[in-house]
Amino acid sequence: MSNNTGCSCCGDIVDLTMTTEDMNKCPICNQEGKKVKNITVKHLVKEEYVESVETMNYSICMNEDCDTVYFSENKGIQFSKEQVKVPIWFKKDADPRYACYCSQVTINQVKEAVRDKGARKMKDVLAITGAMKNSKCEIKNPLGVCCHETIQTAIDEALAE
């Protein structure tokens, strides 16, 4: 994840910079995770696990190879890829790989808008794909933040191809 401030489709500017206080180590792979609000975890775990979500906030494991998605700070509670409702776009075997979870726009659709339909800027991609129209990022995006950075990264990758 890059260190920058991004535009939020929810109307706020969000800080996407990871600081040391935002990081926590995954109990499985020991790599850094990013803090995620409890409300995000509660909405994204499968129904049979919702009662297991306690009131504390969680971290999301940012390691693409690790099966752990969310873990509690005290490392007592963990949720794996199989225990969440959506594929986690940055995990290796994610299918589909959503750029925008709220509008269900994939990274490939963003890249196609650039490669095949002439989009060059964010506003073009949003008009073509419909991304960022149904903003409920806090409960639909696994990170609980706006997808702006993920979409911009996909645009940049497609432009570089």
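Q: How do E5 and E6 pair, and over how many bridges?
A: In this predicted model, strand E5 and strand E6 (residues 68-72) run antiparallel, with three bridges between them.

Q: Nice. Which residue in E6 is opposite Ile 60?
A: That's Tyr 70.

Q: And what pairs with E5 besides that, say E4?
A: Strand E4 (residues 32-36) pairs with E5 in the antiparallel sense too, over four bridges. Val 36 has Tyr 58 of E5 as its bridge partner.

Q: Which way do the E5 side chains point?
A: Tyr 58 and Ile 60 point one way, while Ser 59 and Cys 61 point the other way. In a regular strand, side chains alternate between the two faces of the sheet.

Q: Are those four buried or exposed?
A: Tyr 58, Ser 59, Ile 60 and Cys 61 are all buried.

Q: Switching topic: where does Ala 99 sit?
A: Ala 99 is in strand E8 (residues 98-100).

Q: Why is Ala 99 called buried?
A: Because its relative accessible area is 2%, and the cut-off for buried is under 20%.

Q: What is Ala 99 in contact with, beyond its sequence neighbours?
A: Leaving aside neighbours within four places, the contacts are Val 105, Thr 106, Ile 107, Val 110, Cys 147, Thr 150 and Ile 151. The C-alpha atoms of Ala 99 and Val 110 are 7.7 Å apart.

Q: What span should H5 have?
A: With 13 residues at 1.5 Å each, H5 (residues 148-160) should span 18 Å, and its end C-alpha atoms are 18 Å apart, so the two agree.

Notes: Residues numbered from 1 in each chain as written. Predicted model: local features only at pLDDT ≥ 70, side-chain atom pairs only at ≥ 80, totals over all residues. Heavy atoms only, no water. Buried < 20%, exposed > 50% of the residue type's maximum accessible area, 1.4 Å probe, protein only. Helix = DSSP H or I, 4+ residues; strand = E, 2+ residues; numbered from the N terminus. Pairing = 2+ DSSP bridges. Expected span 1.5 Å × (residues − 1). Contact = heavy atoms within 4.5 Å.
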